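Me: I am new to this structure and would like to learn how to read its features one at a time. Could you take me through them slowly, giving the general idea before each case?

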Amino acid sequence: MAEENGAEKTEPASPRRLQKAREEGDVPRSRELATFTVLITAGAGLWMTGGSLVGKLSSVLESGLALDREQIFNPDVLLRRIAVDVGSVLLACLPLAGLIMLVALAAPLFIGGWLFTSKAFMPKFGKLNPMRGLGNMVSTNALIELLKAIAKALLVGSVAYLVVMSQKEAVLGLALEPLGTSSAHLGRLLGVAFLTVVGALGLVAAIDAPYQIWRYAKKLKMTRQEVIQESKESDGNPQIKGKIRQLQREMARSRMMAAVPTADVVVTNPTHFAVALKYTDGQRGAPQVVAKGADEVAARIREIAQEHKVAMLEAPPLARALYKHTDIGDEIPPALYSAVAEVLAYVFQLRTWNKSGGHYPDRPTRLAVPPEMDPLNPASTKREDDDPGANLH
């Protein structure tokens, strides 16, 4: 029932939710993987540079123990000597320390990546709530963390015990070896023990890293309602977008109707379509469509044209072709140049007759409209896209 109501978190986190969580400093992390990476690096570094490091530290130790009378009874000389020895120790350890620091900085790249955000430093007073703290102590996550800690301690402790017991005879035999040989032998024993224990931590990290990724993904899962709401916020509410489109159509229709009085002629179907054309004499380019419409919009265009005494001509094939193959603001297609030229010639002759009289111009009846341009002709080709202007009605 919860799932039907959309309360069950069954949907994976969206990219926007993941990005928002990251901006708040919430990314998957595996402390076990970071610990293992640093320790294995330290062990490998000691294994490779241990000989030279021991040699340098031995030299510093021998130098520090060789004190003459002046150094013993002169505190200033003694302090300078100690400072030089300390600097030598730090310089000897610098390569290994630098390697460990570099790996510690690179460890987050395995899971979650580097993250710099100021939101992680912002105080969260909700964490001061004692009831919430008690709830976290007895939560499922707290129980899992406790079991992980116990399992890790048992695993590492068991491996360490087995390593020590397996090397017991060798450790006891160190007392019978010469100092130089026993020191080298002890170093090898410690190295093997260290790498074995760290290997056990590697097993823990191999289990913890996928678990942390799975846990993070589960924590950020979304309900269906959250997905729908986020989609609305990202893409816009469909009702609001529909209202905006309606307002845009109304504004476009108002601008179109305002252009009708400037037209030279309105070509009609006579009732279904109306297309208003305008031609500016002396300006390069073909006549333009300043308004067009079907049914109620066409009737409104005819009314405005009649009110402003714009010439109208009944030419159904031409009206259909113009309506089908042009948009508002477009120039007429070249295939209709001849037909529109006859219409404009008739309109200009009609204007001359209105001013000075004379012979009444003959109304064009057979306009040269190519069959493929007339939507009602079987030879016409259908455009792939619907005419955006048709939406104005």
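Me: What does the accessible surface of the chain come to, and what percentage of it belongs to carbon and sulfur atoms?

Reply: This is a predicted model, in which local features need pLDDT of at least 70 and side-chain atom pairs count only at pLDDT 80 or more, while totals for chains, interfaces and linings use all residues. Residues are numbered from 1 along each chain as its sequence is written, and side-chain values use heavy atoms, with hydrogens and water left out. Accessible areas come from the Shrake-Rupley method with a 1.4 Å probe, and for residues only the protein chains shown count as cover. Here the accessible surface of the chain is about 25900 Å², and 62% of that belongs to carbon and sulfur atoms.

Me: How many helices and strands are there in the chain, and what share of its residues is buried?

Reply: Helices (H or I, at least four residues) and strands (E, at least two) are DSSP runs, numbered from the N terminus; the chain has 13 helices and 4 strands. A residue is called buried under 20% relative accessible area, exposed over 50%, and partly exposed in between (1.4 Å probe, protein chains only). Of the 393 residues in the chain, 28% are buried.

Me: Which residues of helix 11 are buried, and which are exposed?

Reply: The buried residues of helix 11 are Val-297, Ala-298, Ile-301, Arg-302, Ile-304 and Ala-305. They lie on the same side of helix 11, because they cover an arc of only 165° around the axis, the arc being that of the directions from the helix axis to the C-beta atoms. Glu-296, Gln-306 and Glu-307, on the other side of helix 11, are exposed. Helix 11 is followed by Lys-309, which has a positive phi, near 55°.

Me: Which residues make the nonpolar surface patch?

Reply: Patches are made of residues with over 30% relative accessible area and no salt bridge, where like charges are joined within 9 Å and nonpolar side chains (Val, Leu, Ile, Met, Phe, Trp, Tyr) within 5 Å. In this chain, Ile-40, Trp-47, Met-48, Phe-194 and Leu-195 make a nonpolar patch of about 510 Å². Helix 2 (31-65) and helix 8 (179-219) are the elements that give two or more residues to the patch, and helix 2 gives the most, with 3 residues. Phe-194 lies in helix 8 and is partly exposed, with a relative accessible area of 32%.

Me: How many salt bridges does the count come to, and which parts does the pair of Arg-17 and Glu-226 tie together?

Reply: A salt bridge is a side-chain nitrogen of Lys or Arg within 4 Å of a carboxyl oxygen of Asp or Glu, and by this rule the count comes to 7. One of them joins the side chains of Arg-17 and Glu-226 (3.9 Å, N to O). Arg-17 lies in helix 1 (residues 15-23) and Glu-226 in helix 9 (residues 224-235), so the pair ties together parts that are 209 residues apart in sequence.

Me: Is Arg-320 buried or exposed, and which residues does Arg-320 touch?

Reply: Arg-320, in helix 12 (residues 316-325), is buried, with a relative accessible area of 14%. Contact means heavy atoms within 4.5 Å; leaving aside residues up to four places away in sequence, Arg-320 touches Asn-269, Phe-273, Asp-374, Pro-375 and Leu-376. Asp-374 forms a salt bridge with Arg-320, the closest N and O atoms being 2.9 Å apart, and Asp-374 is buried, as is Arg-320.
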